[in-house]
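Please look over the structure shown here before reading the notes that follow it. They are meant for someone meeting it for the first time.

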Amino acid sequence: MSKQKFKDIAPFIILIIVAIAAIFAPTLPNFDEGKYNTADIAWILVATALVFLMTPALALFYGGMVHRKNVLSTMMKSIVAAGVVGVLWIVVGYSLCFGDSIHGFIGNPSTHFLFKGVASGKPWVLAPTIPQSLFSMFQLMFAIITPGLVVGAIAERMRFTAYVLFTVLFSLFVYAPLAHWSWHPDGFLAQMGALDFAGGTVVHISAGCAALAGAIVLKRRKSHIENKEAASPANIPYILIGTGLLWFGWFGFNAGSALGANALAVSAFATTNTAAAAGGLSWMFFDVMKGKKPSVVGFCIGAVIGMVAITPAAGFVGIPQSITIGVFAAIISNVAVRIKSRSTLDDTLDVFPCHGIGGIVGMLLTGVFASKAINPLGNNGLLYGNPLFLLTQLKAMLIVVAYSFTISFLIFKLINFIVPLRVSEEEEEEGLDASQHDESYVQGTLLVTHDILGLQEVPNF
């Protein structure tokens with residue numbers, strides 16, 4: 001057995017320290033004054049589970065798109081955030097996002113350190129009908145999937161250990177501040193009047209900009225240098241299944257953000273489905289107009305972009321307007337993907353053109369189509385005579401883009417000083433499934449091909 005280095009044992013040591021510290025956290029009764037709404041609790045429990053489902057769905061979606069030798073490593077990077085962020089959230093993540101505000105920038109880490117006062121405390125101020133612990137678990141699912149979105153940009157070349165460290169630092173220094181700015185009543189973007197119903201800035205723009213930073217720092221894959229054409233997807237049915245599960249889970253993502261079983265949740269549910277449908281058709285028909293054939297992958301990507309774009313707007317815009325948002329977001333992202341494909345940027349699965357640009361479009365169109373008729377706690381947009389709100393959305397978007405990209409870029413650079421970001425050329429050639437995890441996507445099976453002499457068994461490698 002090779003001698004273990006400190007960097008190999010450090011994660012385990014840290015986890016043990018946290019586990020021991022948790023022993024001494026006080027155990028208090030759950031807060032309940034009989035004022036909770038059982039229908040709201042039931043719906044948000046379901047919505048929380050739906051949002052969690054999006055993380056394995058994302059793993060399937062991304063895993064189906066990469067080369068066969070990198071399927072498992074890509075899926076593992078997406079799903080490991082459920083473990084890393086799941087623990088980090090209880091220790092300090094929730095407190096940084098929703099603890100007592102420090103000048104509108106970040107939550108006080110001591111407010112809910114080791115979940116202090118969450119289960120035993122009063123409900124979150126904007127969710128008075130459900131326990132604060134349920135609100136926290138719902139928000140946790142957003143925090144889990146956000147670093148997972150970045151995986152698509154750095155796939156096929158980033159070390160697993162480096163990615164785990166990225167997940168920790170990104171969650172603490174990018175996701176937590178943005179969540180506080182946007183969703184805490186005292187957050188400075190919320191105070192500015194910017195609206196983000198379910199994560200256009202907090203989730204999608206932040207992940208898209210981090211993806212762009214990661215692709216720049218990691219530089220191009222060897223296969224991308226040798227052949228700029230994207231490799232064939234390993235498993236298109238995975239992409240389709242992943243899309244279906246993402247679509248299903250997104251109902252919890254957006255409709256759950258109403259934080260109750262109410263008419264607003266129904267409206268957000270409908271806008272989500274409509275934008276997804278419109279985005280899928282828009283991408284597919286736009287490709288056909290350019291001379292391509294309609295494809296499964298194209299429809300799936302367009303549907304996801306439609307849901308990305310409607311996310312900040314879901315509880316603020318009318319159902320018909322969600323068609324417009326889905327259609328135009330898919331077209332703009334399609335053009336962005338085409339521009340990126342002609343450059344030397346190696347964003348493996350087009351995370352920035354899809355999630356980053358899609359989130360930006362959705363944020364800005366919220367400033368156009370938002371209406372107080374849909375949500376009295378929102379605002380009227382440009383279409384309803386309030387151009388200043390569009391300007392507010394634009395300013396918030398620019399702040400989030402600049403912050404997310406800059407801090408993420410610095411995080412990637414810092415990690416590279418601690419552990420190498422990239423695998424070696426030999427490991428990249430071998431594939432990350434084998435080099436990082438000692439596993440194989442089709443382990444223990446044979447591929448069967450046809451040749452002119454009939455069936456021939458070909459060992460998988």
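This is a predicted model: local features need pLDDT of at least 70, side-chain atom pairs count only at pLDDT 80 or more; totals for chains, interfaces and linings use all residues.

Residues are numbered from 1 along each chain as its sequence is written, and side-chain values use heavy atoms, with hydrogens and water left out.

**Aromatic rings**

- The structure holds 22 aromatic pairs, where rings of Phe, Tyr and Trp (its six-membered ring) pair if their centres lie within 6.5 Å, and planes under 30 degrees apart count as stacked, over 60 as edge-to-face and the rest as tilted.
- One of these pairs joins F61 and Y62, which are tilted, with 6.1 Å from centre to centre and 40° between the planes.
- F61 counts as buried because its relative accessibility is 6%, and Y62 counts as buried because its value is 1%; buried means under 20% relative accessible area, exposed over 50% and partly exposed in between, with a 1.4 Å probe and protein chains only.
- A single aromatic cluster is formed by W89, Y94, F98, F115, W124 and F135.

**Loop residue T111**

- T111 lies in the loop between β2 (106-107) and α4 (132-154), helices (H or I, at least four residues) and strands (E, at least two) being DSSP runs numbered from the N terminus.
- T111 is buried, because its relative accessible area is 15%.
- The C-alpha atom of T111 is separated by 8.7 Å from that of F98, which is 13 residues apart from it along the chain.

**Helix residue I16**

- I16 is placed in helix α1 (residues 6-23) and counts as partly exposed because its relative accessibility is 36%.
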